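Me: I've got a two-chain model open and I'd like to learn how to read it. Could you walk me through it feature by feature?

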Amino acid sequence: MARSDVQLMLETKAGDDSSFELLLQRYRTPVINFLFRIVRDSATAEDLAQEVFIRVYRARESYAPSAKFTTWLFRIASNLALNRLRDSRHQQMEVSLDAPAGEEDSAMELPARELRVDQMMVERDRVKLIRCAIDSLPEKQRVAVLLHKYEEMDYVEIAKVLDCTEAALKSLLFRAYETLRVQLAPLVGGAESPAPAVSVGTGRGRAI
Amino acid sequence: MKYEVNCERISSTLIPYLDGRASADDQRAVEAHASICPACRQRIEEYRCLSGVLDELPIIEQSAAFNARLRERIAAEPRPGWFAWLMPSPRLAFALAMLLALSVWMGKVQPPADTAVATSQSEQDFHVIKDLGVLENYDVLKGFDALSELPVAAQEQQSQTPQDQQQKDGQI
């Protein structure tokens, strides 16, 4: 019978590093993918994942199984990822403020999202379109969707990660999926686009 | 208008319904509404389709160096020493430190006034006890000049008959 996450963490606390290795095997890929879907860069996602596991390991001495292990794990991961996003956004803002006026003008001429969506449709790059739609969500909605859809967490757990009530989370999820439905209308066959509905799911993740 | 109210209700229960986690009442309400509302029926279908679309995001695997790098970092982490057993909890350490500080502070606090009177009284008693050996030494008292300065009447009262004095001298 597989040992629970809490059991493995308590064994790690008692000095058994092989238990921590099992936790790593269990959550390495989900954590890296969760981070990758937020920061959109595999190297950054791996760096952050290392930091997540190191923080968990460092906290082993004071670990008390008061909450689900995954709640704690993904809370650390989402905080780190969102902080990284904010830092990089801040750096980009500094760069753009220092940039010559001509570059700023050209940035203003970027096409609207709909045009980029059309361009992507031409290129048939569906993955990019999906990533673009997820990126367009506000931070909290994005984390909620990633934890709900890809990590298949229950509402209570996600609400704890995001530090909100269960009712607020359901509202957050509805708004997020509604935005995605509109953004991805060309793929889901919504009223916003005449494109036929396409469903080529791989079977991963939760059905919403 | 009738549809708007029901459509709004569907909005709050749609995600749990699609997750299969709606209550039996909510589930029946959603299905009943969807059966008479083409717009919501279409929306439910689009949500189901959206789920499949979102599944298209590929899963990435960690690089070959990820595990080795993480193991190195974990191996470099400091291990708790033997003293960790003595200090099982930062809270306990803090409580002990506070207790020690309180003890030192209580030791430095001035005693109240009545305590000072009691102390001086006990000091006087101590001196009397210390001098008790002298007071009990008759030879010393006998030659004590202060006694000769007493008034005559007092000396007579204090002095005894010569016979008694001789008896006493004989005893000594």
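Me: Then which residues is Leu184(A) in contact with, leaving aside its neighbours within four places in sequence?

Reply: On its own chain, Leu184(A) touches Leu129(A), Ile130(A) and Ala133(A), and across in chain B it meets Leu50(B) and Val53(B).

Me: How do I read a nonpolar core, and which residues touch the most other members here?

Reply: A nonpolar core is a set of buried Ala, Val, Leu, Ile, Met, Phe, Trp, Tyr and Cys residues joined through C-beta atoms within 7 Å. Buried means 20 or more other C-beta atoms within 10 Å of a residue's own, exposed means 12 or fewer, and partly exposed is in between, with C-beta atoms placed from the backbone. In soluble globular proteins, nonpolar side chains tend to be buried together. The largest core in this model has 62 residues, and Val31(A), Leu35(A), Ala144(A), Leu184(A) and Leu50(B) touch the most other members. Helix H2 (residues 17-39) of chain A gives the largest share of this core, nine residues.

Me: What about the helices themselves, and how many are there in each chain?

Reply: Helices (H or I, at least four residues) and strands (E, at least two) are DSSP runs, numbered from the N terminus. Chain A has 11 helices and zero strands; chain B has 12 helices and, again, zero strands. As for burial, 32% of the 208 residues of chain A count as buried, against 10% of the 172 in chain B.

Me: At what angle do H10(A) and H3(B) cross?

Reply: Axes are lines fitted to C-alpha atoms, for helices over the stretch in contact, and angles run from 0 to 180 degrees between N-to-C directions. Under 35 degrees counts as roughly parallel, over 145 as roughly antiparallel, 65 to 115 as roughly perpendicular and the rest as oblique. The axes of H10 (residues 166-183) of chain A and H3 (residues 38-54) of chain B come within 10 Å and cross at roughly 85°, so the two are roughly perpendicular. Tyr177(A), Leu180(A) and Arg181(A) make the contact from H10(A), with Glu46(B), Tyr47(B) and Leu50(B) from H3(B).

Me: And how many residues of each chain are in contact with the other?

Reply: 32 residues of chain B are in contact with 42 of chain A. H3(B) supplies the largest share of the chain B side, nine residues.

Me: Is Glu46(A) buried or exposed?

Reply: Glu46(A), in helix H3 (residues 42-58) of chain A, is buried, because 22 other C-beta atoms lie within 10 Å. Beyond four places in sequence, Glu46(A) touches Ile32(A), Gln62(B), Ser63(B) and Phe66(B).

Me: Where in chain B is confidence lowest and highest?

Reply: pLDDT is the predictor's confidence in each residue, from 0 to 100. Chain B averages 75, with the lowest mean, 54, in helix H12 (residues 162-171) of chain B and the highest, 92, in H3(B). Over residues 1-5 of chain B, pLDDT stays under 50. Where pLDDT is low, the predicted coordinates should not be read in detail.

Definitions and conventions. Residues numbered from 1 in each chain as written. Chains lettered and ligands numbered in written order. Predicted model: local features only at pLDDT ≥ 70, side-chain atom pairs only at ≥ 80, totals over all residues. Contact = placed C-beta atoms within 7 Å.
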